[in-house]
Amino acid sequence: MNGCSEKRWVTAVVEPTTVDGISRRYGFSRAMACALVARGLSDFGEIDQFLQPRLAHLTDPFVLPDMPKAVDLILQHIEQGSSILIYGDYDVDGVTATALMIQVLSGLGAVVVPFLPHRIEDGYGLNVETLHRCVELYRPNLIITVDCGTSSVEAVREAARLGIDVIVTDHHEPAAEGVAEAIAIVNPKLGNCPEDIRMLAGVGVAFKLCHGLVKAARKHGLEAANKLNLKTFMELVAVGTVADIVPLLKENRILVYHGLHLLNQTQSVGMRTLIEAAGITGPVDTYHIGFMIGPRINAAGRLGNADAALELMLTEQEPRAKVLAQQLDEASRRRQEIEDKIVQEACADLDRRFDADRDYGLVVAHPHWHAGVIGIVASRISSRYNRPVVVIGMDEDGVGRGSCRSIPGFDLLSHLQQCSSLLRRYGGHAMAAGLEVAHEKIAEFSARFNEVCAATLRQGDRRRQLLVDAWLQPSDINDALYQDQNRLRPFGHSNPLPVWAVRNVTPVCPPRVIGGKHLKLLFSMGRETREVIGFGMGDREIPDGPLDIAFNLILNRYNGREYLQLHLQDLRPAQAD
Ligand SMILES: [Mn+2]
């Protein structure tokens, strides 16, 4: 690697008067005001709502399509003492959504059981075979799906034939199969839903349904509804929403902001045990959900059966919680090993043949790759090569199951659509999708996928973008800026940690490599010497002369001391503006 930047640094153009107005009104530094504007926040009303997310600003649940029908039907079934089955999903979003529905419905006096499909045996969503298994096991009168079901056309038809009511709650775009004819489909991606709620996760949609239910139940004078405090379940919404990597803006921001607060004082035995088992000390943040809590809840489902994760969310028995948390810990470790091995194999394959001018959409396949972990593998590969990626594993019947991950700004789903004639099934979002492809079609699909990706990606600058929130003077880096920056929390998808940049600085001593692979630089800035760490950048050559650096501002704790550290995002020879 050379010393020149491989990224294109982009700074939003901001109106100086707007920045002045914001910094005056909120008492922010100009840098912080720039960051707000760079994130599309320049209107005072919007900034107020962003800085102080309030539950009162949640949208009315009845704005979601089919909500009144869904709520009425569920209340009817509760009244009749029907058997209700919650059909979930094996990922964090699906497990938390299921736990939420079980707790709220039983709180309302419903007879309710959960069912989580097995990732390998049942696959994602509701299909006819799995439906029959559910029916045999539980004889439900009503099935409510969470985080799935929108495109389960056949299974929903079969349920109707068996006299079972189905309500779908989901947040996935409808797939090629079309939309299931359920009695109600509560999905913000359907109809003309406001942007605020279009981006809800599956657990967010389930929460809206619960909100609608409790509202209606109270109106109907259902005693149990008055005792139910929906707020206590928001920690589940926070965990599922962050883990599902949906934008942490608008409604999601409100839910996660308050959910995190509750998670930090959780009354749930399972959640508390899980947090302890993950070794999290200090306040739980979105980072911990994304990298420590989420992967543990996910691990069970990835390797087969998600029931342990769901049981942990629901249990009130401390000893049982400890056993389950231990199980998830082990599953998570095992998952990590499998994932590392596949990444190694896939990268060995790609490194050998990758040509940046020819390969635009990457497809890697191997018969022995575990279908449960290929999603994570795909995202690691897509960020390594900065290309959309499809990773395909094979099941016993010779069907390839693929997990697809995109790069920022590239609509994955529309490109898969252009390959649809070669696929058995596909579905998902702009950033992530899944597919099924016959073994003998993989080569042809791989060529076509590369072709359609090339048509889009060949134009324009393919370098990765680095969005700089604001340029600073070295003396701007201080505690006040760090405090300001904290007002933007919780960080995550679509609301990342600010990237600050400083021009024309020279290291005070030669760069060092620490821990074998990390870069450490020292700069004199204002009256301070600032430590700059470039994680994984140990092999970067540092150009001579003055540099521009772009970094995150982090509060580091070391030996009982707290100080500001700069986490390098990129560097380049100093440029004049
Ligand atoms: Mn989901």
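This is a predicted model: local features need pLDDT of at least 70, side-chain atom pairs count only at pLDDT 80 or more; totals for chains, interfaces and linings use all residues.
1. Overall dimensions. The protein chain contains 20 helices and 19 strands. Its radius of gyration is 25 Å, close to the 25 Å that the globule rule gives for 577 residues, so the chain is as compact as a globular protein of that length. The C-alpha trace spans about 75 × 55 × 45 Å along its principal axes.

2. Burial and contacts. Of the 577 residues in the protein chain, 44% are buried. Among contacts between residues at least 6 apart in sequence, 67% join residues at least 24 apart.

3. Helix α11. After α11 comes Ile245, which has a positive phi, near 55°.

4. Packing of α9 and α11. The axes of α9 and α11 lie 7 Å apart, and the two helices pack at an angle of about 150°. Angles over 145 degrees count as roughly antiparallel, and α9 and α11 are therefore roughly antiparallel to each other. On the α9 side the contact is made by Gly202, Val203, Gly204 and Phe207, and on the α11 side by Leu236, Val237, Gly240 and Thr241. The residues of this contact comprise four nonpolar, four polar and no charged.

Note on methods:
Residues are numbered from 1 along each chain as its sequence is written. Helices (H or I, at least four residues) and strands (E, at least two) are DSSP runs, numbered from the N terminus. The radius of gyration is taken over C-alpha atoms; the globule rule is 2.2 Å times the number of residues to the power 0.38. A residue is buried if 20 or more other C-beta atoms lie within 10 Å of its own, exposed if 12 or fewer, and partly exposed in between; C-beta atoms are placed from the backbone. Two residues are in contact if their C-beta atoms, placed from the backbone, lie within 7 Å. Axes are lines fitted to C-alpha atoms, for helices over the stretch in contact, and angles run from 0 to 180 degrees between N-to-C directions. Angles under 35 degrees count as roughly parallel, over 145 as roughly antiparallel, 65 to 115 as roughly perpendicular and the rest as oblique. Ala, Val, Leu, Ile, Met, Phe, Trp, Tyr, Cys and Pro count as nonpolar, Asp, Glu, Lys and Arg as charged, and the others, Gly among them, as polar.
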